[in-house]
Amino acid sequence: MTDLDDLAGRLDAAVRTATAIEQLSLEADLTLEQAYAVQAAGVRIREQRGDAVVGAKLGFTSRAKAEQMGVSDVIVGVLHRGMAVTDGGTVDVAAMVHPRIEPEIAFLTGSDIDPHDEGDAVAAVTHVAPALEIIDSRYRDFRFSLTDVVADNASSAAFVVGEWRPFDQARAELDLAALDVVLTVGGAEAARGSSADILGDPVLALDAVKRMARQHGLALPAGSIILAGAATAAVTLPAGTTVEATVGGLGPVRVATTGDLDG
Ligand code: OOG
Ligand code: MG
């Protein structure tokens, strides 16, 4: 068996050089547990570079995403500070392999979520916001198996969080399970869905992330950002454009792109 740290190093090099690699599953038959161990080793590599963990994300919580990628199990990945882009900010797509973008909902926690206690993960949430996630599989042609994508930190590359709203207020005023989600690229509609497409109700993502954290040894301290998963399929993220997601009454979130993928 290839050393799991070696596989993590290979994926990390693919991130740093924006160069696609072959799927790990073509040479190493990883179990799901080993795939999460590769992910954790990659997180340690980034932490050693000073890129702290700021949260977690779920993947494949919507049927649109699961069908798009041919993977049906919910997965979890880790968000680092260096992946955060300011709302209205700019990302350089030339620093990525073949980025895609998807509309999401973000939660912010005000207290620790202890994955081992019986409590309700929702109780830890203080704020909610519309979000964009930029995913960038490190595998050639954006194709992978379940263990491949887990090892690759669930394709995490960047994320943008819109204006945070107090969670209680948002829940009182809006039906978080029935928000229209619209994604535009360069002003043209690129995807449309509903927050209901995320596990039936995006708030359920909190219990899901807690369960995944317990199974795969993630910490969810106070101040964590949690991305619930995309409501629609992801769309290709070109250079030189502006992307906006609107998530019902939670409002808009925007990012601009620069760079040249062939550059
Ligand atoms: C994996 C990441 C999935 C989501 O929101 O479903 C994900 C991928 O599609 O490459 O972030
Ligand atoms: Mg996502």
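**View 1. Polar contacts to ligand 1.** A polar side-chain atom of E104 sits 3.0 Å from an oxygen atom of ligand 1. Keep in mind that this is a predicted model. E133 also puts a polar side-chain atom 3.0 Å from an oxygen atom of ligand 1, and for K65 the distance from a polar side-chain atom to a ligand 1 oxygen is 2.8 Å. On its own, ligand 1 would expose 320 Å², and the protein buries 100% of that.

**View 2. The cavity and the elements around it.** Ligand 1 takes up the space of the second largest cavity. β1 gives the most, with 3 residues.

**View 3. Who's in the shell.** There are 17 residues around ligand 1, and the ones that come nearest are K57, F60, K65, E102 and S155. Sorted by class, the shell has 9 nonpolar, 5 charged and 3 polar residues.

View 4. The structure holds 2 aromatic pairs, and one of them is F107 with F167, in an edge-to-face arrangement. Their ring centres are 5.9 Å apart, with 90 degrees between the planes. What does the pair tie together? F107 belongs to strand β5 and F167 to helix α5 (residues 167–173), so the pair links parts that are 60 residues apart in sequence.

How values were computed: Residues numbered from 1 in each chain as written. Chains lettered and ligands numbered in written order. Predicted model: local features only at pLDDT ≥ 70, side-chain atom pairs only at ≥ 80, totals over all residues. Heavy atoms only, no water. Near = heavy atom within 4 Å. Polar contact = N/O pair within 3.5 Å; in protein donor to acceptor, adjacent residues only side chain to side chain. Areas by Shrake-Rupley, 256 points an atom, 1.4 Å probe, with all protein chains shown as cover. 1 Å grid on protein atoms, 1.4 Å probe; cavity = no way out; pocket = protein on both sides within 12 Å on 5 of 7 lines; lining within 4 Å. Sits in = over half its atoms within 2 Å of the grid points. Helix = DSSP H or I, 4+ residues; strand = E, 2+ residues; numbered from the N terminus. Nonpolar A, V, L, I, M, F, W, Y, C, P; charged D, E, K, R; others polar. Phe/Tyr/Trp six-rings, centres within 6.5 Å; stacked < 30°, edge-to-face > 60°.
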